[in-house]
Amino acid sequence: MSKATDSLVTAPSRARRRRRARRGQGEKLHDEIIAATERLLIRTGDMEQVSIRAVADAVGVTPPSIYLHFADKLELIFAVCEKHFAEFDRVLEEAAAGAADPLESLSLRGQAYVRFGLEHPEEYRILFMSKPAATPEGWSNERLMGNAAFGHLVEAVQRCLDAGAIAPGNPVLIASGLWAVVHGVTSLLISNRGLAWPVEQLVDHVVEAHLTGLRQSAD
């Protein structure tokens, strides 16, 4: 990292160090570390520009204090992303709540999925577009697929199956296909932000085309 970049990330920092946390305040410091990392990630838009020293300076502690809570920077970055993942689930559930029927709820979820990814591109890139070597131990595909958002998608698919809106099938497999569709659109848009994509039209077309296939197979 260059001196210029380092000064950008660590700017407000070399101020007063905070006093040693009292016993029982470890959880508070943990949350402050995540909040500071999130702010730096949003400010820079690039996880490579967020250093442990920058986070420590922003919180007002020494770098070793960060390592008491997180094994390394990668684990810390993913903790921030996991926080957004919880918000991601809430947004999708809120979008689907306005559905008039089970199949419409899948459409609304797909549209909300892409919007959320575009509004949080760096977090999305880290969670779903990182190379395996850049993923902390414990962040397996099983962990991602076991999260609440995917579980709620499987439940939404099951409601469609129960209503006879789509052909009988494995709800996990169908949900995985839907996830693949919206992930493909989201990753394409994030990777090519400079192009003049007709975002809303593209999302509607891709999601509806996939759902049309499910409807037709149910006839």
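These legends walk through several close-up views of one predicted model.

**Before you start: how to read the legends.** Residues are numbered from 1 along each chain as its sequence is written. As this is a predicted model, local features need pLDDT of at least 70 and side-chain atom pairs count only at pLDDT 80 or more, while totals for chains, interfaces and linings use all residues; side-chain values use heavy atoms, with hydrogens and water left out.

View 1. Helices (H or I, at least four residues) and strands (E, at least two) are DSSP runs, numbered from the N terminus. Follow the sequence along and the pattern reads α-α-α-α-α-α-α-α-α-α-α. Of the 219 residues, 41% count as buried; here buried means under 20% relative accessible area, exposed means over 50%, and partly exposed is in between (1.4 Å probe, protein chains only). Contact means heavy atoms within 4.5 Å. Take the contacts between residues at least 6 apart in sequence, and 69% of them join residues at least 24 apart.

**View 2. The largest nonpolar core holds 34 residues.** A nonpolar core is a set of buried Ala, Val, Leu, Ile, Met, Phe, Trp, Tyr and Cys residues joined through side-chain atoms within 4.5 Å. The members that touch the most others are L106, Y113, V114, V157, I166 and L178. At least two residues of this core come from each of α5 (73-96), α6 (102-119), α7 (121-128), α9 (148-162), α10 (171-191) and α11 (199-218). There is also a second, separate core of 23 residues, and I34, V55, A79 and C81 are among its members.

**View 3. Ring pairs link F88, Y113, F116 and Y124 into a cluster.** Rings of Phe, Tyr and Trp (its six-membered ring) pair if their centres lie within 6.5 Å; planes under 30 degrees apart count as stacked, over 60 as edge-to-face and the rest as tilted. The structure holds 4 aromatic pairs. In one of them, the rings of F88 and Y113 have centres 5.1 Å apart and planes at 75 degrees, so this pair is edge-to-face. F88 sits in helix α5 and Y113 in helix α6, so the pair ties together parts that are 25 residues apart in sequence. Both F88 and Y113 are buried. Y113 also pairs with Y124: their ring centres are 5.9 Å apart and their planes are at 80 degrees, so that pair is edge-to-face too. With Y113 in α6 and Y124 in helix α7, this second link ties together parts 11 residues apart in sequence. Y113 has a relative accessible area of 5%, and Y124 counts as buried at 5% relative accessibility.

**View 4. Helix α9 packs with α6 and with α5.** Two packed helices are described by the angle between their axes and the distance between the axes. Axes are lines fitted to C-alpha atoms, for helices over the stretch in contact, and angles run from 0 to 180 degrees between N-to-C directions. Angles under 35 degrees count as roughly parallel, over 145 as roughly antiparallel, 65 to 115 as roughly perpendicular and the rest as oblique. For α6 and α9, the angle is about 150 degrees and the axes are 8 Å apart. That makes α6 roughly antiparallel to α9. Here P102, L103, S105, L106 and R109 of α6 meet H152, L153, A156, V157, R159 and C160 of α9. The axes of α5 and α9 come within 8 Å and cross at roughly 25 degrees. That makes α5 roughly parallel to α9. F85, F88, D89 and E93 of α5 make this contact with A148, A149 and H152 of α9.

**View 5. Helix α3 (residues 52-59) is mostly covered.** Of its 8 residues, 6 are buried, namely I52, A54, V55, A56, D57 and V59. Just after α3 comes G60, which takes a positive phi of about 95 degrees.

**View 6. T37 lies in helix α2 (residues 26-44).** T37 counts as buried, at 0% relative accessibility. T37 and V55 are 18 residues apart in sequence, yet their C-alpha atoms are 5.8 Å apart in space. Leaving aside neighbours within four places in sequence, T37 is in contact with V50, V55, L76, I77 and V80.

**View 7. P121 is found in helix α7.** At 23% relative accessibility, P121 counts as partly exposed. Setting aside neighbours within four places in sequence, P121 is in contact with I190 and R193.
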